[in-house]
Amino acid sequence: MLRRTLLILTTLFCLTIEAQPTFRNLLSSANEARKAGHYQRALTLYEQAAAMMEQQRPSQQTTVLNGLAACYAEMGEYDRAAQCYARLEPIYQANGQDNPVLTLNRSGLMLLTGQYAPVVSMLRDLKCGTEREETVRLSNLAFAYDGLGRTDEALALLDQIIAGGNAEKNDAVLTALNN
């Protein structure tokens, strides 16, 4: 009888463990939901992952917070997106990282809220690690200059992107060029 009870309890324990979502599963599902445009579902999953976040590596923490920020921005909740980006900064600093992607993401959010002058200050001298980051930097800077009425400077940056052969890799640049 004791053996049977132990077997049942062990089985129930194993089923309980399997029924609880893992951090990785939550993160994967949240990323898929966000990519599919199901932002509310993604937010729910990211929030569940965030509850487990303290036990995770910094790279996983940044993935959760970036995902949350992207969802909030897509939903027009810019203040909440900005809060997520603010939470990211100390994580990067604690790991001795200067992350241009965080700056680029923050600048994109600022562009959405019409904060053009700070974007110019933020991006003018930013050093990017990849070609894609540099393309986004130039693109965001061009949009900021355009928002400030400095059209010639905006066009010069877009020309620079085209000359580098990176325009077709950036949807925002293609949109700007078509307008």
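Let's start with the length of helix α3, residues 39–51, in this predicted model. It has 13 residues, and at 1.5 Å a residue those should span 18 Å.

Which residues of α3 are buried? They are Ala42, Leu43, Leu45, Tyr46, Ala49 and Ala50. As for what they pack against, the partners are α2, residues 23–35, and α4, residues 58–74.

I'll stay with the α2 partner. The axes of α2 and α3 come within 8 Å, and they cross at roughly 160°. Angles over 145 degrees count as roughly antiparallel, and α2 and α3 are therefore roughly antiparallel to each other. The crossing of α2 past α3 is left-handed.

Which residues make that contact? From α2 we have Phe23, Leu26, Leu27, Ser29, Ala30, Asn31, Ala33 and Arg34. From α3 the contributors are Tyr39, Arg41, Ala42, Leu45, Tyr46, Gln48 and Ala49. Sorted by class, the α2 contact with α3 has 10 nonpolar residues, three polar ones and two charged ones. Among the contact residues of α3, Ala42, Leu45, Tyr46 and Ala49 are also on the list of buried residues.

Now the chain as a whole. Of the 179 residues in the chain, 36% are buried. Taking contacts with a separation of 6 or more, 45% are between residues 24 or more positions apart.

Conventions:
Residues numbered from 1 in each chain as written. Predicted model: local features only at pLDDT ≥ 70, side-chain atom pairs only at ≥ 80, totals over all residues. Heavy atoms only, no water. Helix = DSSP H or I, 4+ residues; strand = E, 2+ residues; numbered from the N terminus. Expected span 1.5 Å × (residues − 1). Buried < 20%, exposed > 50% of the residue type's maximum accessible area, 1.4 Å probe, protein only. Contact = heavy atoms within 4.5 Å. Axes fitted to C-alpha atoms, helices over the stretch in contact; angles between N-to-C directions. Parallel < 35°, antiparallel > 145°, perpendicular 65-115°, else oblique. Left-handed = near helix turned anticlockwise from the far one by under 90°. Nonpolar A, V, L, I, M, F, W, Y, C, P; charged D, E, K, R; others polar.
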